[in-house]
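Please open the model in a viewer and keep the selection tool at hand. The stops below proceed from the core to the sheet and its helices.

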Amino acid sequence: MDIEQMQAELIEHFVKAAGNLDVTAGAPLLASLITEATSHPSLFAFSEILAVPSVAELERTAHSSSLVILRLFAYGTWSDYKSHGTCIPPLLPPQVRKLKQLTVLTLAETNKILPYGQLMRELDVSNVRELEDFLINECMYAGIVRGKLDQLRRCFEVQFAAGRDLKHDQLDNMIKTMSNWLSTSDGLLLSIQEKIKWADTMSEEHRKHRKDIEEKVEEIKKSFKQVDLDLRGHSEMLYAEPGGVMDYEEDRTRPKRRRQPLREQP
């Protein structure tokens, strides 16, 4: 099963479970469900769980911190968690690992070359060996990123990173980006269609031109054949007529008689 299909099935499971709970009587169960979702090693998207009405209603209960944690996992980073201080309860070890994984995804959204120094600060990692182990074992093996560890340049070159949940203000930018892309694609498609039309026109003109040349060649061939036939017919007539060329030639080959000199009369 690929990561996208697994994500879809997990999201469906948690959304359905949250939808079956009433916030009035089931707030503790909803808080426990959020802890389970944010600790799951294969779940990295949470906005659909946030959209469940009963989950949103946790804001008015004693378990509102669970909603803060869920929002943090949907849109935040490890640095955001540290900035909350004691406002939210400590995270479990699986949650810590998950939030740091999500932090790597957030950094990869804006830059495909991630310096080790930046990663170590953002993830609270003390040495390069620990950082590289985390990137390999917890990120690349998990399938959420692909890339190359460049020890010489001390950076992580991102080749692929899974997408995170989008904030509401990011949707407007995405819609604008997609609109610009569609506009550019329409212009490119129109240009391609015009080039295809031009190519078809040139091909048709080339075909007509070639046909005209072939017809002219055939006419010239016919003219040559007719001239050849005319010449042959004329030649046969010359040889066949009495006193024609053959008679003339034969006459030229006959010995000439010498004229006798005139004798003077006595």
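**The nonpolar core**

Begin by selecting Leu43, Phe46, Ile49, Val55, Leu99, Leu131 and Phe156, which touch the most other members of the largest nonpolar core, a set of 49 residues. Such a core consists of buried Ala, Val, Leu, Ile, Met, Phe, Trp, Tyr and Cys residues joined through side-chain atoms within 4.5 Å; buried denotes under 20% relative accessible area, with a 1.4 Å probe and protein chains only. The model is predicted, with local features requiring pLDDT of at least 70 and side-chain atom pairs pLDDT 80 or more, whereas totals for chains, interfaces and linings use all residues. Residues are numbered from 1 along each chain as its sequence is written, and side-chain values use heavy atoms, without hydrogens or water.

Next, centre on valine 55: beyond its neighbours within four places in sequence, its contacts (heavy atoms within 4.5 Å) are Ala18, Leu30, Ile34, Ile49, Leu50, Leu67 and Leu70.

**Glutamine 7**

Move to helix α1 (residues 3-19), where glutamine 7 lies; helices are DSSP runs of H or I of at least four residues, and strands are E runs of at least two. Glutamine 7 counts as buried because its relative accessibility is 12%. A polar atom of its side chain lies 2.3 Å from the backbone oxygen of serine 42.

**The sheet**

Now display the open sheet of 3 strands, ordered β1-β3-β2 with antiparallel pairing (pairing requires at least two DSSP bridges). Its edge strands are β1 (113-115) and β2 (145-150). Between β2 and β3 (residues 155-161) there are 6 bridges; select lysine 148 and its bridge partner in β3, glutamate 157.

Notes
Buried means under 20% relative accessible area, exposed over 50%, partly exposed in between (1.4 Å probe, protein chains only). A polar contact is a pair of N or O atoms within 3.5 Å; within protein, one must be able to donate a hydrogen and the other to accept it, and residues adjacent in sequence count only if both atoms are side-chain atoms.
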